[in-house]
Amino acid sequence: MNPAAPPEPRPVIVGAGPAGIRAAQALVKAGLRPIVLDEAQRAGGQIYRQPPAGFQRSGRELYGFEHRKAARLHATMRDLMPAIDYRPGALVWNCEDGVLDVLRDGSNETIAYSHLILATGATDRVLPFPGWTLPGVYTLGGAQVALKFQGCGVGQRVAFMGTGPLLYLVAYQYAKAGAQVAAVLDTATTAARLSSLPGMLLAPGLAAKGVYTMGWLRLHGIPMYSGVRPDHAIGYERISGLVCRQGEGDGGKPLRIACDALAYGLGLRSETQLASVAGCRFDYHERDRAWLPVKDTAGRASVPGIYLAGDGAGIAGADAAELAGERAALALLADLGMSVDAARAKVLRRKLARQERVRDTLERAFPFPADWAASLDDDVVLCRCEEITVGALRASAHIEGTRELNRGKALTRVGMGRCQGRMCGAAAAEVLARASGVALPQVGWLRAQPPVKPIPIQLFSLDAREAPDSALSGGGR
């Protein structure tokens, strides 16, 4: 009797940004046909997000310096279409025991996989401040989506606040599109940026783009401030201004910026929820101030058959995401016993190591404002889904001795709302660490639960209506 043939591999890629597209390309080249699931309607990820069909702005207007990279990546995806099972508009909300739950076209489907590449990307990292829940306050990423995807700004006179290259990039994109930029307010100091210049020799092109962007903004008369901390947003029905201080402590120089919209963000935070519900092991990473899924240099997670690539496994940028996507695909192929170009894998590993050094330099240039959380008043809303204040979490630490974030979630409901802590989790960890007097790694991280993103409750009510009467009644019990 002939032994049964092994089952055909069924690789699935979650995410069609730079990492996901390059992973798909490598798998197709090896003769596989991966399923590619993407929450967006068109591939490209956040950085190379494509507008709807028929959009009239040019690639140079949409992507600036990166328009050629965007064009190449989009062309790669178009070429891959006949060879992959591409499913746009697919929200993956659970991952357990080799099966994905996917919301698409208003209904749920389950997709089994033999191997899974998670290229889930990142979202803005924010901290609260008085008035951050006012209409007209957006994240930097949200403001960029409006411009790229919908061709509109978030306001007539927009202020930009936070730190990191994205701060200056989005302000530049808005100004180039004709918006009035009220100010660029960087929480990092000029000294921090200057101290990082020697390290930027690793990426002279990136440094040149940054210098050009800042210079262009200054040349066009846009006010730029460094070493800024927000005091409060002004407004009732919508933000009408922002009060900040520039410099150390209460003696800082006061700033009052008139604006009808604010876009802000303090770098990026990896989207790790699917890796969490899949059972991957996490470790704390000091540079990212976050718990991230463990992976080897090839992208293998702690769970066999799961691979991690791109910013969803640690913030490193779009160029690194492309490299990591290809490297994860090569690891998958090697685990299937297929031939892999060892020389190419070595090149990818070397380039990724270089990108990590660049990321270290950028973190020195644009450090996270670690003092921000301690300066917040107790009445500032921390978790906007559940309307939990900073003071409620601090009280849990002081009165009930809360030292761990999931314990704080159970006692206060922080992170228990629709977003499952995606927006407030990082801030809650900072607040709890300060309030409890323990180091940030010790407070842990909010463990994800399905659904990792909001889904319509009708999915479950429809299932219930379609169930047989015996099931609904408990089988006659």
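Strand S4 (residues 90-96) and strand S5 (residues 99-104) pair in the antiparallel sense over six bridges; strands are DSSP runs of E of at least two residues, numbered from the N terminus, and two of them pair if DSSP finds at least two bridges between them. The model is a predicted one, in which local features need pLDDT of at least 70 and side-chain atom pairs count only at pLDDT 80 or more, while totals for chains, interfaces and linings use all residues. Residues are numbered from 1 along each chain as its sequence is written, and side-chain values use heavy atoms, with hydrogens and water left out.

Asp 101 has Thr 110 in S6 as its bridge partner. Two residues again lie between the strands in the hairpin of S5 and S6, where Asp 105 has a positive phi near 55°.

The largest nonpolar core contains 48 residues, and Phe 129, Met 161, Leu 185, Leu 262 and Tyr 264 have the most contacts inside it. Such a core is a set of buried Ala, Val, Leu, Ile, Met, Phe, Trp, Tyr and Cys residues joined through side-chain atoms within 4.5 Å; buried means under 20% relative accessible area, computed with a 1.4 Å probe on protein chains only. Helix H13 (residues 425-436) gives the most to this core, seven residues; helices are DSSP runs of H or I of at least four residues. Domain 2 (128-265) and domain 3 (373-462) both contribute residues, so the core lies between them; the domain bounds come from an automatic or database domain assignment.

Residues up to four places away in sequence aside, Met 161 touches, among others, Phe 129, Leu 140, Leu 185, Pro 230, Cys 244, Leu 262, Tyr 264 and Trp 372, contact being heavy atoms within 4.5 Å. A second, separate core has 40 residues, including Tyr 63, Ala 309, Ala 320 and Leu 333.

The structure holds zero disulfides, a disulfide being a pair of cysteine sulfur atoms within 2.5 Å. For Cys 244, the nearest cysteine sulfur is that of Cys 259, 8.8 Å away. Cys 244 is buried, at a relative accessible area of 2%. Cys 280 likewise counts as buried, at 8% relative accessibility. The closest cysteine sulfur to that of Cys 280 belongs to Cys 95 and is 7.5 Å away, too far for a bond.

Terms used:
Buried means under 20% relative accessible area, exposed over 50%, partly exposed in between (1.4 Å probe, protein chains only).
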